[in-house]
Amino acid sequence: WWRLYGDAQLDALVQAARGRNADIRLALAQVQEAEAALREVDAAALPQVDLSFTSQNTRISAAGATPVASTVPLVRFDRRLAASTSFELDFWGRLGRSVEAARGQLMSTRYARDVVAMTLASTTAQAYFSLRSVDAQLVTARSSLVTREGFLKLAEGRVAAGVASELDLNAARSARADAALALTELERQRRVIEHQLAQLCGQAGLRLAPGDLLSLPMPPLPPAGLPSSLLERRPDVRAAEQTLVAANARIGVAKAAMFPSISLTGIAGGQSKDFNNLMQLPARIWTLGFGISLPLFDAGRNAARVEQAEARQRQSVAGYQKAVEAAFRETADALSNVALASEAEKAWQERLDSARHSLRLSMLRYEAGYSSYLEVLDAQRTANDTELGFIRNRQSRLAFSVDLMKALGGGWSAEQGR
């Protein structure tokens with residue numbers, strides 16, 4: 001969606017942020033952890049086979065209470081090689097529900113990563129627009145400084161000629177100092193924003209050339225009638241939904257623990273005193289077992305675990321509801337902000353045209369000697385403040401459009417309106 005603004009520098013910054021930012025790497029590692037957890041739970045539904053080998057030499061005592069026959073060796077050798085397996089029969093769906101819970105948690109983690117990516121892209125875009133706004137304000141501030149320096153020279157000449165008083169000269173000096181201070185503050189703000197972008201993009205020492213804020217296009221507003229189901233694709237809503245799926249599944253896991261656990265076990269291998277005979281037919285050993293375990297008394301532990309799972313499920317329901325409500329509110333706020341900022345820009349433009357015209361008239365009157373410098377100074381301040389207000393309103397329009405893209409889960413398309 002950030003490509004809608006048609007700025008190659010913004011595209012490069014967002015791309016760098018999505019590839020190098022530490023938050024993205026953290027979210028990716030969390031997804032990989034959830035994927036491994038799902039594989040672990042999936043593997044629990046299959047038999048586990050272990051291979052064991054033991055070699056033991058034992059000497060018995062010949063001085064014990066029971067005499068040992070002379071034909072019985074005092075030193076005994078025992079070699080054992082066996083493969084063992086165990087397998088739980090999932091009669092009550094405990095393993096299946098565990099897989100469902102792990103899969104829901106994985107999907108929630110993936111959507112959480114998407115939330116981080118979208119938030120990062122929107123933060124980068126808004127910081128970039130702030131930088132371009134400061135660039136435009138710097139142009140205005142430098143122009144104002146040049147104008148006030150010119151008026152300072154003019155005031156000095158008029159005072160020297162006895163046409164103006166020291167009041168005009170002091171006012172001109174003060175106005176020039178104000179312009180210089182404003183320029184210094186804007187340069188400080190630009191460096192701070194540039195440092196923020198460097199951190200977001202993982203590029204220490206990032207430097208960006210000045211750009212033109214007013215040349216950036218405004219993305220069109222979405223048409224009326226877009227379905228509310230469009231908000232379902234927001235990653236935070238989907239993450240909350242998958243968290244609810246996982247919480248539901250964990251209730252089944254907790255309840256299954258209250259039923260009997262049935263397992264099959266088996267051992268097959270060989271046992272002999274010599275390595276050479278270990279795999280021979282007479283050395284064969286095997287065991288096949290069947291086990292059932294039923295909790296008779298646990299002092300309410302399993303029931304408490306079920307109640308905990310149900311409480312967490314209710315928390316997930318509330319979290320999902322909160323995410324949906326936030327999606328509707330953020331979309332409504334963004335639509336209102338974009339529309340009202342667009343209307344405000346028309347008023348700012350009218351005010352700016354009027355302020356510039358008043359400034360030209362006051363300058364002509366001052367040069368002709370019909371008015372004092374205070375009138376010019378007031379007109380300069382009004383024109384400067386109005387121009388800065390116009391620039392900041394344009395920045396707000398761009399920032400609000402980013403909020404709208406984010407609120408809609410990454411923009412919209414005409415096909416989604418039908």
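By class, the residues that line the largest pocket comprise 9 nonpolar, 3 polar and 10 charged, where Ala, Val, Leu, Ile, Met, Phe, Trp, Tyr, Cys and Pro count as nonpolar, Asp, Glu, Lys and Arg as charged, and the others, Gly among them, as polar. The structure is a predicted model, in which local features need pLDDT of at least 70 and side-chain atom pairs count only at pLDDT 80 or more, while totals for chains, interfaces and linings use all residues. Residues are numbered from 1 along each chain as its sequence is written, and side-chain values use heavy atoms, with hydrogens and water left out.

The lining of the largest pocket is made up of 22 residues, and D135, A136, L138, V139 and R142 are those that lie nearest its centre. A pocket is here an open set of points on a 1 Å grid over the protein atoms alone, where a 1.4 Å probe fits and with protein on both sides within 12 Å along at least five of seven lines, whereas a cavity is a set of points from which the probe cannot get out; lining residues have an atom within 4 Å of a point. The largest pocket holds about 350 Å³ of space, the volume being the space filled by probe spheres set on the points, with grid points joined across faces, edges and corners. At least two lining residues come from each of α3, α4 (166–201), α6 (301–368) and α7 (373–407), and α3 gives the most, with 6 residues. Helices (H or I, at least four residues) and strands (E, at least two) are DSSP runs, numbered from the N terminus.

The packing of the helices was examined next. Two packed helices are described by the angle between their axes and the distance between the axes. Axes are lines fitted to C-alpha atoms, for helices over the stretch in contact, and angles run from 0 to 180 degrees between N-to-C directions. For α6 and α7, the angle is about 160 degrees and the axes are 7 Å apart, and the two helices are therefore roughly antiparallel to each other; angles under 35 degrees count as roughly parallel, over 145 as roughly antiparallel, 65 to 115 as roughly perpendicular and the rest as oblique. The crossing of α6 and α7 is left-handed, a term used if the near helix is turned anticlockwise from the far one by less than a right angle, with right-handed used if clockwise. The contact of α6 with α7 has 19 nonpolar, 12 polar and 10 charged residues.

Helix α5 (residues 235–256) also packs against α6, their axes coming within 8 Å and crossing at roughly 165 degrees, so that α5 and α6 are roughly antiparallel to each other. This crossing of α5 with α6 is left-handed, and the residues of the contact divide into 13 nonpolar, 5 polar and 7 charged. Between α3 and α5, the packing angle is about 160 degrees, with the axes 7 Å apart, which makes α3 roughly antiparallel to α5. The crossing of α3 and α5 is left-handed, and their contact has 13 nonpolar, 8 polar and 7 charged residues.

A102 is found in helix α3 and is buried, with a relative accessible area of 13%, where buried means under 20%, exposed over 50% and partly exposed in between (1.4 Å probe, protein chains only). A102 and E35, although 67 residues apart in sequence, are 8.5 Å apart in space, C-alpha to C-alpha. In helix α7, A379 is buried, with a relative accessible area of 10%, and its C-alpha atom is separated by 105 Å from that of N57, 322 residues apart along the chain.

Among the loop residues, G93 is found between β2 (75–89) and α3 (94–160) and is partly exposed, at a relative accessible area of 21%; the C-alpha atoms of G93 and A257, 164 residues apart along the chain, are separated by 9.9 Å. R234, in the loop between α4 and α5, counts as buried at 3% relative accessibility, and its C-alpha atom is separated by 28 Å from that of L131, 103 residues apart along the chain. A299 is found in the loop between β4 (284–293) and α6, and counts as exposed at 58% relative accessibility. Most residues other than glycine have a negative phi, but A299 has a positive phi of about 60 degrees although it is not a glycine.
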